[in-house]
Amino acid sequence: MPAYCACGDEAGSAVLGGATRIRSFLFYFSPDSPLQRTNSLTKMVMVVCLGAVAFMIENIYASLVLLALVCVGLAVARIPGVFLKRIVVAMSGLLLIAALAHAFFSQVPGRITFFTLPWGAYFTERTLLFILTFYSRFLTASFISLIFLCTTREADVVVALRFLRLPFVICFAAAFILRLISTLIDDWWSLVEAQRARGMVFTGSLMNRLKRLSELAFPLLANMFTKIGEVDLALQARGFTVQPVHRTQVRHLRWNIYDYILLASTSTVFIVVAVARYVYGYLSFL
Amino acid sequence: MSIQDQASGPRVKTTHIVTFAFCTAVMAILCTAAGFLFAVLPGLPLGFCPAVPVMVPFALWFGGWGVAAAYIGCAIGGILKGTPVIVALPWVINDVFMAGIPLLAFRLLKGDPGLNTRRDWVIFITFGVVVNSLIACTWGTWIPVYFGIWPSGAVLVIWTQYMIACLLLMVFVAPLILKGFTGLARRTGAYTEGFLV
Amino acid sequence: MRGKMVVVKDLWWRYKDGQNWVLRGVDLEVGEREVVGVIGPNGAGKTTLCLAMAGLIPWAVTGEMRGSVYIAGVDTRNVALREIVRRVGLLFQKPETQFVAMSVLDEVAFGLENFAYAYEEMWNRIRWALKVVGLSGYEEKHPLALSSGQKQRLALASILGLRPDVLVLDEPLSNLDGPTQEEVFLAIHNLKETLGTVTVIVEHNTEELVRLADRIVLLNDGKIVRTNTPQRFFQGVESLAANDVWIPQVTELGYRLSESGLWEEELPVTLEAAQDMMGSLVAGKSKPMPTLPEPQFLNQTHQMPRDSIIEIRQLSYTYPDGTDALCDINLIINRGEYVALLGQNGSGKTTLAKHFLGLLGPTSGQITVDGVNTREVSVKELASKVGFVFQNPDHQLFCKTVEEEVAYGLKNLGLSPEEVERRVHEILTAVEILGLRGVTVSSLHGAARQKIALASVLAMDPDILIVDEPSACQEKRLSDLLMRLLRDLNASGKSIILASHNMRLVAENATRVVVLDRGRVVLDAPTRVAFAEAEQMEKAGLKPPQITQLAQRLADRGFPLNVSTVSEAFNWVTQANRELFLKEVT
């Protein structure tokens, strides 16, 4: 995943090396862990349910407990710290906007008011707590996604979709999109390099950057149109058709004890939290 | 026409699926490029998403396939940038508005995506720049409030910033793409003057 | 048509938006167990012929067709496309084009799934196909993580799974280094020997093609110009050269010897035949032959730089994912030198070349270009001194017209409009595309786009020109133009750095060779000296030009090892014969 850094010509070069090594939309790697042994459908359910739980919980303590549990999950999946760092860096902009927006525009009453703004917003200790709660929830949901991204192969994502009996064309499109992203990311950075080699810079005024965007988007689109024709022929040359024909599968979804444990625990947590939150009013912001 | 086209008339073809997949992937990549092209601070692109001026042409050329590509591609782009799945999926519905509104307008009012006449330009500016940006930015600013990303008090400031970014991108970049590539797009098998085929 | 798997009868084809016929009355028959090679310049219609044989024309491509194509006696227009592709496997020119899956296993399984093969049968075929191409054990690898040769073999495996009766391979050896070409060649050879699959191969690499093909067909301007066995095919050298075909070096040598009266029999087309020819020429001459003078081997660590333009000291580069791409490189490139960067795919050539322009920054060490440390200047500033021609021209071109494209870089440098106009005119003339000045770039294809990409870089008049594995080097006409331009630039004092797999071009043009192996410089010497270092070259996974390979086989006959071009070999043989003749006479 490209590490996002400050814009600028030199910064671009720092980004390029990493980006050109991307080979997969997902960050899959394969240490031996129970999470690796669960199937992709189970993990997709986990991402959706636990992600929803992360946002249902507004209480800071409960949120931190959930974050801690997710971190345990990261450890069980043996995900290296560098992935955590990358995802946090990628989100840093959004997190910063969130913090600034809450700092300057919220009106959360509290006992200590740090400052008041002319337009009626004020920053209290509870505003700070709210920001921390938001960070906790957001990071929890992101880390849950990260567990999924790091323990699931793209091919397995498609197996899950086929298990759900989605039309083959949809499953194929999903697989192909995941496949294309890797290729086009490489193409994108090759384009960027080729233009930099002709003196293009990515600094300067907004108009300059808009112009640069056109100059990068144009060859990307031109390449795309060429490739569409080639890929269309390549698919048909291998018997692909959108007509409903009988197809078989080389991969099948496999279930084991870890799937049942994860599904049971995930759905239990979801139901308990949903009931606690919306029926009994617990887990709201203190 | 190829023999297959002659035999069966307008229908969903392999080329539609391939085009859809490519458009989606391009959207995803352009979404992630915001941090590279427009960031003033790490990951802070101030609302300038390079995918915006590309998704409207995709919708005008490929109909519903372009709109679907905008949604899924931007969702994937958001996930690649670290946005949780549960947040990304409802948030990027704004891209459905962004691409879908001009598509509806051009189809119902029979506009030409090549922007060859003044009438086409009027339709484009009205529905492809102003109306779609208004609705998309409104959605895109209020959904994060629901997830606690920013408070409702910040909506006006953030909305204004998004709106300016969308307008600039749609005014300065999208017409270039439409004028430059509509001819090429017409030659692909996926170009449609309807909504799907 | 009995016994003929593929019959093309008076085939004419014109694309929907095209005015000209691309195929003009092609007649071709391919019998059972036959391997036919198809050669010809770019734009001859080779790929179109491949599409027609695979049934994609006219089923999936719009245009106008006359004539017929029969596969196993059945007209391709009278049977559904899915039935045709079950019998004809088509390997596209760029293997990445046909990859649709995210693992080797899924890639090979794709076709089998589409035809609803049962689970057990599918797995049997997948295992078999991977075994044939030598990719067993790679099932879970991502296709993009494979090397170029492996990708090519995977593409082959993905069509083999269906066990087609006919294989149509469009340039299977392009962009591959020597040993990788050998891998793919062996895989195809395996198929011929074990399955007897009918194979049609489109290739520019005639030296490899003659080893594989039972018959070679020359296609030019949509028509078949000549067809014969490889041995007979290459006897008419002049007419082949006029059709822009690469002649095997040994054949060229034989031709020149026969023109000078030293050889009267059939021209050799393979190394073995050339070895026999040379053996006959030197038969009875027991004395060792005179050797060519050997230039000094340059040892960069002990030599002071002479007007160096690029100095690299202890350069190492590690990708962010931890891969060591370059290790402790020390290198000096002098002003006006013509240097070839050689190495297998993945050896670090492109990574090193990108450092010259500042596109990548060293992890450690230092690189100075024209006295300036690349860490201290921007890429834009270096772009005025260093021109980089990328492998894929499509990544560079985005302006509307050819003129705008060529002027783009010049405007970025801040030149005056008059100077821009002057340079644009000059360079369009040099690259022979002045007539395309106002043409829309997106309407041009193939060779024209490559020329535009080249022109756009040359226009910036860089002191150093880096040409990175140009695909132009595959096609003879374009290759000749490119090499001539580079020679002219070098003669005017520009430094040229060429990264290429085409050893023949390197031998004929570069004066110095730097060989990279796994990120390290393993050999740095004048071209002839480097190619003579057989062991070093082999360790680095490189194959010298065919003529040098011939020299290595004849070393015991006194043939000098540092012969690297046909001209050198010819001169040596004629000189040697003259000396011995004079000796005999006196």
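Strand β3 (residues 35-39) of chain C is tied to strand β8 (residues 198-202) of chain C by 4 bridges, and the two run parallel. Helices (H or I, at least four residues) and strands (E, at least two) are DSSP runs here, numbered from the N terminus. Along this pair, C:V35 sits opposite C:T199 in β8(C). The model is predicted, so to speak of local features a pLDDT of at least 70 is needed and side-chain atom pairs count only at pLDDT 80 or more, while totals for chains, interfaces and linings use all residues. Residues are numbered from 1 along each chain as its sequence is written, and chains are lettered from A and ligands numbered from 1 in the order in which they are written.

Both strands belong to an open sheet of 6 strands in chain C, with the order β6-β7-β8-β3-β9-β10 and mixed pairing. Two strands count as paired if DSSP finds at least two bridges between them. At the edges stand β6 (88-91) and β10 (223-228) of chain C; each has a single partner strand, so one side of each has no neighbour in the sheet. On average, neighbouring strands of this sheet are turned by 15° against each other, direction ignored. As for the helix on this sheet, α1(C) packs on it and touches β3, β6, β7 (166-170), β8 and β9 (215-220) of chain C, with a direction at about 155° to that of β7(C). Axes are lines fitted to C-alpha atoms, for helices over the stretch in contact, and angles run from 0 to 180 degrees between N-to-C directions. Contact means that the C-beta atoms of two residues, placed from the backbone, lie within 7 Å.

Chain C has another open sheet, this one of 4 strands in the order β2-β1-β4-β5, with antiparallel pairing. Its edge strands are β2 (23-31) and β5 (74-75) of chain C, each pairing on one side only. Strand β1 (residues 4-15) of chain C is joined to β2(C) by 7 bridges, and these two run antiparallel. One example is C:W13, whose bridge partner in β2(C) is C:L23. In general, strands of a sheet pair through backbone hydrogen bonds, either parallel or antiparallel. Helix α1 (residues 46-53) of chain C turns up here too: it lies across β1, β2 and β4 (63-71) of chain C, at about 125° to β1(C).

Where they meet, 7 residues of domain 2 of chain C are in contact with 10 residues of domain 3 of chain C. The domain 2 side of that contact has 1 nonpolar, 6 polar and no charged residues. For these classes, Ala, Val, Leu, Ile, Met, Phe, Trp, Tyr, Cys and Pro count as nonpolar, Asp, Glu, Lys and Arg as charged, and the others, Gly among them, as polar.

Now for the partner chains. Chain A has 10 helices and 2 strands, whereas chain B has 9 helices and 0 strands. Of the 286 residues of chain A, 48% count as buried; for chain B, the figure is 61% of 197 residues. Buried means 20 or more other C-beta atoms within 10 Å of the residue's own, exposed means 12 or fewer, and partly exposed is in between, with C-beta atoms placed from the backbone.

Chain A touches both other chains. With chain B, 65 residues of chain A are in contact with 54 residues of chain B. The biggest giver on the chain A side is α9(A), with 17 residues, and by class this side has 49 nonpolar, 12 polar and 4 charged residues. The contact with chain C takes 48 residues from chain A and 59 residues from chain C. Here the chain A side has 20 nonpolar, 15 polar and 13 charged residues.

How far can the picture be trusted? The predictor gives the complex an ipTM of 0.86 and a pTM of 0.86. Mean pLDDT (the predictor's confidence in each residue, from 0 to 100) is 87 for chain C and 82 for chain A. In chain A, confidence is lowest in α1(A), at a mean of 28, and highest in helix α10 (residues 257-278) of chain A, at 94. Where pLDDT is low, the predicted coordinates should not be read in detail.
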